[in-house]
Amino acid sequence: MRATVTARPLVTGPTPGRAAVVLAGGGLMVLAAGALALALGTVGIGPLDALGIVGRRIGLPVDGAWAPSTETIVWEIRLPRVLTGMVVGAGLGASGAVFQALFRNPMADPYIIGTASGASLGAVGALVLPTLAPALAAAGGGPLGTGLVQASAFAGALATVGLVYALARSGSGVPVVTLLLTGYAVSAVLAAIVALLIFLSGRALAAVVAWIMGSLAGASWGELGLAGALVTAAVVLLLLRWRRLNLLLLGESQAAHLGLGVEREKLVLTMLAALATSAAVAVAGTIGFVGLVAPHLVRLAVGPDHRLLLPASALLGAALLTLADAGARLAGGIPVGVVTALIGAPFFLWLLRRSSAVRPRAEP
Amino acid sequence: MSTPRVKGNGIGMAIPHGRGPSATSLGLLLLVLPLLVLAGCLPAGGRGSAASGPTGRTDPSPSPEGPLVVTDDAGRSVTVAGPPSRIVSLAPSNTEIVCALGACDRLVGVTDADDYPPEVTELDRVVVQTSVDIEAVVAAEPDLVLAAGNELTPSEAIEQLERLGLTVVVLYPQTLDELHANIELVGAVIGEGGAAAGLVADLEERTAAVVDAVAGAGRPRTYYEVFYSDAAIYTAGEGSFIAELISLAGGEPVTGDAQGVIDTERIIAADPELILLGAASYDPALADAEGALAAVSARPGWGQLSAVRAGRVVPYLEDVVTTRPGPRIVDGLEALARAIHPDRFGD
Amino acid sequence: MSAAIRADGLRFAFPAGSPARSVLRGVDLALDRGELVALVGPNGSGKTTLLRLLTGLLRPDAGRISIFGRPLERWSRAELARRVAVLPQSLELPPGFRVAELVEMARAPHARRLFGATPEDRDAVERALLEADATALADRRAGALSGGERQRVLVAMSLAQEPDLLLLDEPTIHLDLAHAVGVLRAVEALRSRRGVAVLAVVHDLALASTFAARVAVLHEGRIVADGPPQRVLLPSLIGRVFGVSVEEATTRDGRRVLVPLVAGGALPRPVAVGDE
């Protein structure tokens with residue numbers, strides 16, 4: 001029996017048209033940011049030249065002659081760095097949105113349950129090991145490469161999330177507030193250990209500080225491949241869970257009443273988001289604010305429905321980080337984490353003020 | 001007190017074999033950090049490279065035109081295809097070696113700390129505030145890159161340059177002998193073996209002359225101060241290059257720990273008879289004898305040191321050459337000898 | 001034909017030290033398809049706790065629960081949500097969503113398409129909004145609703161789930177009389193048209209007795225009365241359970257109404273002390 005009371009069709013979510021506009025717009029934003037970032041750097045290369053070099057390398061019939069050093073700069077130095085920035089930004093943006101839903105807390109960011117402190121411990125430990133225990137490092141077969149630093153960071157991040165989750169478990173499930181507080185506590189402990197390692201770091205100090213500030217310098221095709229694969233897999237799997245994320249916003253009880261296996265879902269979401277975050281942090285260090293600000297901006301523009309919020313947060317995160325890194329390179333090669341903090345923090349304050357002024361108060 | 005600009009390889013010279021600036025380099029870094037953040041960058045990532053590798057050696061079968069295989073100070077085996085015509089230097093000491101061998105015209109990139117010989121200031125800067133600008137190095141299209149060891153050039157940068165197909169040789173001399181070996185290594189690599197041999201002979205001669213001049217003149221306990229702050233004091237590290245120079249110059253060096261860090265108590269216990277202020281090279285407040293003595297006496301606990309009571313606090317203005325492990329290091333040795341034994345040099 | 005709900009000997013106590021005071025001491029309750037049962041009782045008697053046990057959010061210390069003939073433990077969350085809808089006492093609605101989107105969220109147990117809503121979903125949403133008298137609210141944002149409007153949206157959400165068993169925890173709270181009546185009418189229509197079983201926790205005894213064919217009274221952890229309202233809601237029982245003296249009155253069209261007695265500003269003492 002069909003009720004035909006409404007005069008116009010009922011809109012219960014983003015129409016395909018709107019979704020297309022948002023996603024295409026996001027995609028364009030990312031491409032534009034990428035093209036701009038390819039063209040910017042200490043060595044001046046015009047955007048058309050940069051795109052031409054990329055085009056020719058991927059097999060398009062492009063005319064043009066460039067010095068080998070220019071081609072090297074664009075293809076071997078800038079392009080992997082720009083693409084890594086996109087991957088990292090997308091991972092942080094998407095996982096930020098997921099944690100904000102999981103904790104029903106707009107202040108949540110991807111690092112909230114210990115990925116940052118765990119990754120820092122892993123990376124700093126690997127960087128400092130040659131100073132602390134040179135025999136051990138030498139026995140490991142020569143100098144520890146950046147590959148080991150990244151692997152340690154990745155392992156540290158995941159292990160920490162696992163630890164926090166296990167510690168927060170009580171009785172039947174993992175209460176979200178307990179998870180949050182346990183995350184803070186564990187992060188504090190790990191941060192203290194990291195501080196001690198920094199104190200003992202010796203000549204590795206500069207490298208350690210740069211890692212903690214978050215930097216995309218030295219990005220290579222190899223690390224892009226691995227990080228890209230992990231982040232993409234995690235983000236795609238998260239995108240498919242948009243309905244469950246929406247349900248979680250109704251509160252865990254009601255989500256359960258609507259058919260969600262809440263504890264299992266929390267675990268799966270945490271693991272996927274932690275995977276994306278860990279891969280991002282492993283290659284880029286702890287870059288802040290992208291995972292916090294991107295979902296907020298998207299929510300303002302597009303609404304809280306995760307059907308659009310998730311993919312748009314990934315796209316916006318990618319674009320923002322790419323632009324921030326271009327800015328960081330222009331500013332003389334400062335770590336991109338410094339740029340995101342300098343711009344992100346005041347911007348976030350502005351967002352907060354704006355939203356508290358605008359939010360309507362429900363009457364009792 | 002103004003922040004001393006760390007020129008040459010500065011702190012790097014106060015440290016002995018194998019260890020770099022460590023725990024208390026945090027203090028120094030915090031002071032220098034504002035400069036780094038504002039104007040440049042910190043090296044990203046990094047790894048431990050073999051700290052005390054063998055000094056550079058050449059294989060005994062070089063030919064002027066053919067490829068040369070050398071082992072650099074990081075223990076890396078590097079193949080140099082032929083005498084390079086475009087050289088990038090990532091440390092002022094390396095620049096000075098290249099120029100002393102008469103190949104200054106082949107340099108195409110240097111650091112922003114390079115200042116000798118004067119003409120190198122015209123060259124492109126590929127290192128800004130100790131951070132290597134990979135793009136700039138690549139854009140200069142060098143066929144040889146001379147890097148510095150012990151993370152003074154971050155190992156991640158070296159890795160990346162190698163990945164991009166550039167030839168990188170790492171130099172890190174920790175004694176005078178190693179410096180001579182480096183000069184010969186560079187000479188062989190750039191095809192100026194003759195000039196290198198001549199330069200080394202000249203340096204050895206001048207060194208011997210200094211040792212002769214101060215022979216038998218007693219060895220005053222000498223404290224060379226690289227940097228002083230309430231948080232951290234840096235001097236010659238135990239077994240470091242500067243300690244060796246002071247010894248050769250006829251003094252008994254007061255040394256800090258392996259990283260060159262020393263605290264006031266150690267200094268008081270050592271009771272130096274002579275204090276040389278390297279920071280006077282950068283800080284005008286210390287540049288005259290009265291100002292230097294006043295500043296040092298004002299430090300808590302320092303008034304009782306023999307050197308202070310005897311007024312032997314000397315503003316030392318040749319810190320750059322004394323701490324830069326290049327051909328002018330012997331100028332530094334001579335300056336040290338004059339400061340430690342002025343009577344032996346007709347002053 | 002299996003009952004919608006069959007609960008036998010339910011016992012439950014919150015762990016020591018928790019502030020909740022309600023305790024169930026052996027509750028038996030059965031509900032058939034097409035039955036509308038009002039569950040009444042004083043505050044703190046355990047009505048919400050009983051509902052949470054019936055939906056599986058809490059585990060009983062003793063006793064069994066079957067839903068549509070199958071033990072509750074053998075239902076998966078997803079299956080249960082396709083047959084059973086719950087309207088909780090209070091629910092924070094995420095502010096950025098529009099009402100129509102929230103009601104559509106309640107279609108989740110029946111969701112078939114990966115990214116969109118089927119025509120059946122949209123129809124269900126429209127119907128639910130209509131029956132909850134919330135059609136006018138469809139485009140409003142959740143954060144901009146009054147208490148009463150929010151309640152109607154919640155009702156619409158449970159209706160949109162198209163359940164066979166509906167559990168309502170105080171569905172008429174915040175609602176003025178007209179809307180309260182409207183909601184209960186809609187629920188009654190569900191029952192009679194589609195044979196939905198309804199268990200509604202109701203605080204308004206008059207409404208309960210008007211709309212429910214059966215009233216169950218929960219008092220100090222047990223069901224002390226269960227049957228047609230005219231036999232259950234007697235002044236003696238109400239005095240014992242609620243501690244308030246009431247008097248029966250009859251309306252012009254012959255319906256029975258209970259009126260609390262307040263003499264001279266002071267509440268009277270309970271009529272009789274029950275055997276506990």
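Reader: In which loop does Pro117(B) lie?
Author: This is a predicted model, in which local features need pLDDT of at least 70, side-chain atom pairs count only at pLDDT 80 or more, and totals for chains, interfaces and linings use all residues. Residues are numbered from 1 along each chain as its sequence is written, chains are lettered from A and ligands numbered from 1 in the order of writing, and side-chain values use heavy atoms, leaving out hydrogens and water. The peptide bond from Tyr116(B) to Pro117(B) is cis, with omega near -10°. With helices (H or I, at least four residues) and strands (E, at least two) taken as DSSP runs numbered from the N terminus, Pro117(B) falls in the loop between strand 5 and strand 6 of chain B.

Reader: Which strands form the edges of the open sheet in chain B?
Author: The sheet has six strands in the order 7-6-5-4-8-9, with mixed pairing; two strands pair if DSSP finds at least two bridges between them. Pairing on one side only marks the edge strands, which are strand 7 (131-132) and strand 9 (168-171) of chain B.

Reader: Which residue stands opposite Val127(B)?
Author: Strand 6 (residues 125-128) of chain B runs antiparallel to strand 7 of chain B, and two bridges join them. In strand 7 of chain B, the residue opposite Val127(B) is Val132(B).

Reader: What angle does helix 5 of chain B make with strand 9 of chain B?
Author: Angles run from 0 to 180 degrees between N-to-C directions, and axes are lines fitted to C-alpha atoms, for helices over the stretch in contact. Helix 5 (residues 176-190) of chain B lies across strand 4, strand 8 and strand 9 of chain B. Relative to strand 9 of chain B, helix 5 runs at about 165°.

Reader: How far apart in sequence are the parts that Arg76(B) and Glu162(B) tie together?
Author: A salt bridge is a side-chain nitrogen of Lys or Arg within 4 Å of a carboxyl oxygen of Asp or Glu. Arg76(B) and Glu162(B) form such a pair, their closest N and O atoms being 2.8 Å apart. Because Arg76(B) lies in the loop between strand 2 (68-71) and strand 3 (77-80) of chain B and Glu162(B) in helix 4 (residues 155-163) of chain B, the parts tied together are apart in sequence by 86 residues.

Reader: Which strands are at the edges of the open sheet in chain C?
Author: In chain C, six strands follow the order 6-7-8-3-9-10 in an open sheet of mixed pairing. Each edge strand pairs on one side only, and these are strand 6 (84-87) and strand 10 (222-227) of chain C.

Reader: Which residue in the turn of the hairpin of strand 11 and strand 12 of chain C has a positive phi?
Author: Strand 11 (residues 246-250) and strand 12 (residues 256-260) of chain C run antiparallel and are joined by five bridges. Glu248(C) has as its bridge partner in strand 12 Leu258(C). Five residues separate the two strands of the hairpin, and the turn residue with a positive phi, of about 85°, is Gly254(C).

Reader: Which residues of chain A lose the most area to chain C?
Author: The contact (heavy atoms within 4.5 Å) takes 36 residues from chain A and 49 residues from chain C. Buried area is the accessible area (1.4 Å probe) that two parts lose on being put together, summed over both; for chain A and chain C it is about 3,400 Å², 60% of it on carbon and sulfur atoms. Together accounting for 20% of what the chain A side buries, the residues that lose the most area are Leu10(A), Thr12(A) and His257(A).

Reader: Which residue of chain A meets Glu104(C) in a salt bridge?
Author: Side chains of opposite charge can pair when their charged atoms come close. Across the interface of chain A and chain C, the rule finds one salt bridge. At 3.7 Å, N to O, the side chain of Glu104(C) meets that of Arg307(A).

Reader: Where is Phe289(A) found?
Author: Although not a glycine, Phe289(A) has a positive phi of about 80°. Phe289(A) is found in the loop between helix 12 (262-284) and helix 13 (290-302) of chain A.
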